[in-house]
Amino acid sequence: MDHLKTGEVISKRRRELGLTQNQLAKTLNISFQAVSKWENGTAYPDIEMLPRLAAALNTTVDALLGYRSVVTDYDKRYEAEEYYWGLQPNRICYDIMKLLPPIRPYRVLDMGCGEGKDAVFLAKCGYNVTAFDISEQGIDKAKRLAEHNKVDVRLFKADILDYQPDDDYNIIFSSGMLHFIPKPRRQELCDSLKAHTVENGFNALNVFVRKPFITRAWDSTRDEELRHPWHSGELFGYYHDWLFHTCREEVFDCNSGGIPHKHCMDTLIAQKLEAGVQIEGQSGNAGSGR
């Protein structure tokens, strides 16, 4: 939170446009005191306010949060013919299938789908998959992969910082993307995902955890380095009222981009129980490798 300079960005951009705090407040239909609190750093705009605020200041949500867009970085990664992350599905996909086998076309949301390997795999297995990513290059490759495998996946470009689910899902899935969410917004994001999950549905998420004994990955962009790291166990706390099926932290080897390096990751698969069902105890399973 120390590095989040939203207030400074709002103040600078407002002055550049020649707006007073009161004028900006009227545009957003809020009090000028709210704008003042944002600018002096005693409060942050609500998650739903950020797109409107960005539009009013003729800027982007990324810029409001104090860092550049990562679109160019990921478009560059995905411009090659080969698939940057490979074509093998994430292990978490198999965990999902064990917990909720596709005996009918359960609705799946894949957030930050990259080049589509997991979304296409789940669609091939019989799920009804919706997936998005910030990279146009990634979405184009995901569409080609879906066409090659003769499956339908609803694919579109979106930024997780602006996106709000427009439906309820049996499974909400995200792998290797939530480190782009600043800490002040994580509770709201998880609450939104939980609200858009049907009863007995699942959220299957993993997050990168910063460890002092793991050096920065060779292919991390400068933008990624500005992101707020997750802390060990932080993800699990946001789902304390759900039933845990998988709850683990692991250090693993990674070969993305062709150069070996290591990551630490927390993985959670949690289930939303029917109203009134009590959770007597939580137990996670440990594992190693990815």
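A residue counts as buried when its relative accessible area is under 20%. The legends below refer to a predicted model.

**Figure 1. Overview of the protein chain.** The chain of this predicted model has 290 residues, and 49% of them count as buried. Its secondary structure consists of 12 helices and seven strands. The accessible surface is about 14300 Å², and carbon and sulfur atoms contribute 50% of that area. Of the contacts between residues at least 6 apart in sequence, 72% are between residues at least 24 apart.

**Figure 2. Close-up of Ser135 and its contacts.** Ser135 belongs to the loop between β2 (128–133) and α9 (136–148). Its relative accessibility is 0%, so Ser135 counts as buried. Leaving aside residues up to four places away in sequence, Ser135 touches Tyr74, Asp75 and Tyr78. With Asp75 there is a polar contact between the two side chains, at 2.5 Å. Arg77 is part of helix α6 (residues 71–78).

Figure 3. The structure holds 10 aromatic pairs. In one of them, Tyr74 and Phe180 have ring centres 6.1 Å apart and ring planes at 75 degrees, so this pair is edge-to-face. The pair connects distant parts of the chain, with Tyr74 in helix α6 and Phe180 in the loop between β4 and α10, 106 residues apart. Both Tyr74 and Phe180 are buried. In another pair, the ring centres of Phe156 and Tyr163 are 6.0 Å apart and the planes meet at 40 degrees, so the pair is tilted. Tyr163 is buried, at a relative accessible area of 12%. Ring pairs also join Tyr74, Tyr78 and Phe180 into a cluster.

Figure 4. Helix α10 (residues 183–195) has 13 residues, and at 1.5 Å a residue they should span 18 Å; the C-alpha atoms at its ends are 19 Å apart, which agrees. The buried residues of α10 are Arg185, Arg186, Leu189, Cys190, Ser192, Leu193 and Lys194. An α-helix has 3.6 residues a turn, so residues three or four places apart point the same way. The cover over the buried residues of α10 includes helices α4 (50–56), α5 (61–64) and α12 (234–238). It also includes strands β1 (107–111), β4 (169–174) and β5 (197–208).

Figure 5. Arg186 and Lys194 are among the buried residues of α10. Arg186 lies over the face of Trp230, at 4.2 Å from the ring centre. Lys194 has its charged end over the ring of Tyr239, 5.3 Å from the centre of that ring.

**Figure 6. Close-up of two asparagines with positive phi.** Most residues other than glycine have a negative phi. Asn29 has a positive phi, near 60 degrees. This residue lies in the loop between α2 (21–28) and α3 (32–40). Asn29 is exposed, with a relative accessible area of 70%. Asn200 also has a positive phi, near 70 degrees. Asn200 lies in strand β5. At a relative accessible area of 30%, Asn200 is partly exposed.

Terms used. Residues numbered from 1 in each chain as written. Predicted model: local features only at pLDDT ≥ 70, side-chain atom pairs only at ≥ 80, totals over all residues. Heavy atoms only, no water. Helix = DSSP H or I, 4+ residues; strand = E, 2+ residues; numbered from the N terminus. Buried < 20%, exposed > 50% of the residue type's maximum accessible area, 1.4 Å probe, protein only. Contact = heavy atoms within 4.5 Å. Areas by Shrake-Rupley, 256 points an atom, 1.4 Å probe, with all protein chains shown as cover. Expected span 1.5 Å × (residues − 1). Polar contact = N/O pair within 3.5 Å; in protein donor to acceptor, adjacent residues only side chain to side chain. Phe/Tyr/Trp six-rings, centres within 6.5 Å; stacked < 30°, edge-to-face > 60°. Lys NZ or Arg CZ within 6 Å of the ring centre and 35° of its normal.
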